[in-house]
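The exercises below are meant to be worked with the sequence and the coordinates at hand. Each task sentence is followed by a solution that goes step by step.

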Amino acid sequence: MLKIAHRGAKAYEPENTLQAFQKALELNSDGIELDVHLSADGHIIVMHDDTIDKMTNAKGAVNTFTLSELKSFLIADKHQIPTLNEVFDLVDKKCFINVELKNADTSKQVVSLIEEYINKKGWNYEHFIISSFDWNALKEVQDLNPNIPIGVLTEENIDDALAFAESIKAKAIHPDFQLLNAENVCKMQEKGFWVLPWTVNTEEDIQKVKSYKVNGIISDNPDKI
Ligand code: G3P
Ligand code: CA
C-alpha cells in the first residue's frame, strides 16, 4: 500500500512548499503528489491554483509573473513558491514524485526536466508518474517519451479512464476515491493498472479504500494510511 503525500504532507505544512515535501519524507511517504504551472519566463512552478491569490500575499495569474517575481511573494509569511527542480533536488530519489499537469502547456518542460534527472542525475523512470485531468496533455507526454509512467486522473467515469489508460499504455489510474468499489478496483488491476485514489483523508475513508485493495492512497495525512 503506497503512501502518497498530497501536495506534500498538506495536513502539516502549507501545500506544495518545500517544507510540506520535507515533512512527507519525514513521514516515510513512498511518493509525493504536486501540481505544476509555467511562469511567464518558462520555469516550472509548483502550485495548485493557476493564480497566486489563495497561497501568497499577492494576486495574479502564475503565468503572468517571472520566476524572480514569483520568488518575491511569500506563502504564510515565510515560504517561497518552489520550482519543480527544487522539489526534485530536495527529494533526491528518496521517494517517487507524482507531477500533476494542471495545463497542457507544461507537458514538454516537465518531460525535459524528468529526462535531465534520468540522464544526468541517476534517477530512473520509477521515480516519476505524470498525471493530469487533461488527457490530451497525457497523450502528448506519451508521444514525447513513452517510458515515463502516466497516471490517468478522473473524477467522473472509471470505464472511460480505463479505456483511455489502455490506449496510452498508462501505469496507473488515479480516481476520485468516491468512484471506487471492490469490483471496479479489481477490473482496473486485472488490466494491469495501479489504482491510486485521491484525496483520502479520514480514517474511515482510508479503511474503506484499503478494503478495496488499492495499490496506494493519495492523502493529506500519509501517516494515517
Ligand atoms: O492528483 C490527485 C489530486 O491532487 C487531484 O485533485 O485538486 O487536489 O489537484 P487536486
Ligand atoms: Ca493535485
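A residue is taken to be near a molecule if its C-beta atom, placed from the backbone, lies within 6 Å of it. The model used throughout is predicted.

**Exercise 1. Determine which residues surround ligand 1, and sort them by class.**

Step 1. Applying the 6 Å criterion, one finds that ligand 1 is surrounded by His6, Glu33, Asp35, His48, Glu100, Ser131, Leu153, His174, Trp198, Thr199 and Ile218.

Step 2. Sorted by class, this shell contains three nonpolar, five polar and three charged residues.

**Exercise 2. Describe the overall build of the protein chain, and explain how its radius of gyration compares with the globule rule.**

Step 1. The secondary structure of the protein chain comprises eight helices and eleven strands.

Step 2. The radius of gyration is 17 Å, close to the 17 Å that the globule rule gives for 225 residues, and the chain is therefore as compact as a globular protein of that length.

Step 3. Along the principal axes, the C-alpha atoms of the protein chain fill a box of roughly 50 × 40 × 35 Å.

Step 4. Of the 225 residues in the protein chain, 44% are buried, and of the contacts with a separation of 6 or more, 52% are between residues 24 or more positions apart.

Step 5. According to the unreviewed UniProt entry, the annotation "domain: GP-PDE" covers residues 1–225; the end C-alpha atoms of this span lie 8 Å apart, and the span is 34% helix and 20% strand.

**Exercise 3. Identify the residues with the most contacts inside the largest nonpolar core, and list the contacts of Val152.**

Step 1. The largest nonpolar core has 65 residues, and those with the most contacts inside it are Ile32, Val36, Val99, Ile130, Val152 and Ile173.

Step 2. When neighbours within four places in sequence are left aside, Val152 is in contact with Trp135, Leu138, Ala161, Phe164, Ala165, Ala170, Ile173 and His174.

**Exercise 4. Decide whether Leu101 is buried or exposed, and find what it touches.**

Step 1. Leu101 belongs to strand 6, which runs over residues 96–101.

Step 2. The threshold for burial is 20 or more other C-beta atoms within 10 Å; Leu101 has 25 such neighbours, so it counts as buried.

Step 3. Beyond four places in sequence, Leu101 is in contact with Val36, Thr106, Ser107, Val110, Ile130, Ser132, Asp134 and Ala137.

Step 4. For the pair Leu101 and Ala137, the separation is 36 residues in sequence and 7.6 Å in space, C-alpha to C-alpha.

**Exercise 5. Place Val185 in the fold and account for its burial.**

Step 1. Val185 is part of helix 7, residues 182–190.

Step 2. Val185 counts as buried because it has 23 C-beta neighbours inside 10 Å.

Step 3. Residues up to four places away in sequence not being counted, Val185 touches Leu180, Val195, Tyr212, Lys213 and Val214.

How values were computed. Residues numbered from 1 in each chain as written. Chains lettered and ligands numbered in written order. Predicted model: local features only at pLDDT ≥ 70, side-chain atom pairs only at ≥ 80, totals over all residues. UniProt positions renumbered as here; feature names shortened; annotations may be inferred. Helix = DSSP H or I, 4+ residues; strand = E, 2+ residues; numbered from the N terminus. Core = buried A, V, L, I, M, F, W, Y, C linked by C-beta atoms within 7 Å. Buried ≥ 20, exposed ≤ 12 C-beta atoms within 10 Å, placed from the backbone. Contact = placed C-beta atoms within 7 Å. Nonpolar A, V, L, I, M, F, W, Y, C, P; charged D, E, K, R; others polar. Rg over C-alpha atoms; globule rule 2.2 N^0.38 Å.
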